[in-house]
Amino acid sequence: MDDDQVFKALADPTRRHLLDRLFERDGRTLTELESELEMTRFGVMKHLRVLEEAGLVVTRRDGREKLHYLNPVPIRLIHDRWIDKYTEHRVAALADLKHGLEDTA
Amino acid sequence: MTTMTALTTQVYSVFIRATPEQIWDAITKPEFTEQYFYGARIEVKGGRRFSNIGGTEWDEEVLEAEPPSKLVHRFVAAYDPDMAAEDASRVTWEIEPQEGGVTKLTVVHDQLESAPKTAESVAGGWMYILSGLKTLLETGKPLAG
């Protein structure tokens, strides 16, 4: 488990979309996730596997079902490693500026 | 995390370069917990999990303790009056050794159906705690800031 795997997993719009779906409602089955994507079951499985290998998704068995949970810890670790250390204040200022400009647009 | 709707079971996982015994000590002994758990002194002994955060003291029932691989306990957010009034939830710590001197730590916080405020509040907290625990065990120092 390293940062490379996390960055690679995040470098794909479908996988980010899957994380967003889990953020909205956590603990979902493959079938539920598949129904929200224009993609084959096999394709969704492949993306979920990449997310799981990067530690961004954790699966738990609940009876006969395999539920997928968003695990935000690797993103937090990247935040602590890359954002906190160098640039949090500057990044926060720029993020505020971006939000401010976008809200007024 | 205000947009999350299904918070009744939360799962957090982290890989730590440490032994299961080191992780067990770090989650059951106050001299470790105070360095990454929001300053809380937490001790697991005699079937209870005792906490002290800034002078607020309380304890929770330990449901299962198998050192160094599994700890299950009730969870009450006694540090906040609104959350303290909610029903107790449950926290499971699973410690699994992997190849190459790495150990996987998984925290499952569930039975939160009757504790919505607690569920909302702990979501960010567990991330911070696990990140801090990893840093402490791997570097010997708490997270900066």
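Two strands pair if DSSP finds at least two bridges between them. Helices (H or I, at least four residues) and strands (E, at least two) are DSSP runs, numbered from the N terminus. This is a predicted model: local features need pLDDT of at least 70, side-chain atom pairs count only at pLDDT 80 or more, and totals for chains, interfaces and linings use all residues. Residues are numbered from 1 along each chain as its sequence is written, while chains are lettered from A and ligands numbered from 1 in the order in which they are written.

Start with the sheet of chain B. Seven strands make an open, antiparallel sheet in the order β1-β7-β6-β5-β4-β3-β2. β1 (10-16) and β2 (41-45) are the edge strands; each has a single partner, so one side of each lacks a neighbour in the sheet. From one strand to the next, the twist averages 20°. Angles here run from 0 to 180 degrees between N-to-C directions, with axes fitted as lines to C-alpha atoms, for helices over the stretch in contact.

β1(B) pairs with β7(B) in the antiparallel sense through seven bridges. Within this pair, B:Ser13 has B:Thr106 as its bridge partner. Next, β7 (103-110) joins β6(B) over eight antiparallel bridges. Here B:Glu96 is bridged to B:Lys104. β6(B) and β7(B) form a hairpin with five residues between them. In its turn, B:Gly100 has a positive phi of about 80°. On to β5 (70-75), which runs antiparallel to β6 (89-97) with six bridges. B:Leu71 has its bridge partner, B:Trp93, in β6(B).

Helices cover this sheet. α1 (20-28) of chain B lies across β1, β2, β5, β6 and β7, at about 155° to β6(B). α4 (116-139) of chain B packs on the sheet and touches β1, β6 and β7. Its direction makes about 5° with that of β1(B).

Turn to chain A. An automatic or database assignment sets the domain bounds: domain 1 is 1-71 and domain 2 is 72-105. Their centres, taken over C-alpha atoms, are 24 Å apart. Seven residues of domain 1 and four of domain 2 form the contact. Contact means that C-beta atoms, placed from the backbone, lie within 7 Å.

Finally, the two chains meet. 17 residues of chain A are in contact with 17 residues of chain B. On the chain A side, α2 (13-24), β1 (57-62) and α5 (73-104) each give two or more residues. α5(A) supplies the largest share, five residues.

How values were computed: Two residues are in contact if their C-beta atoms, placed from the backbone, lie within 7 Å.
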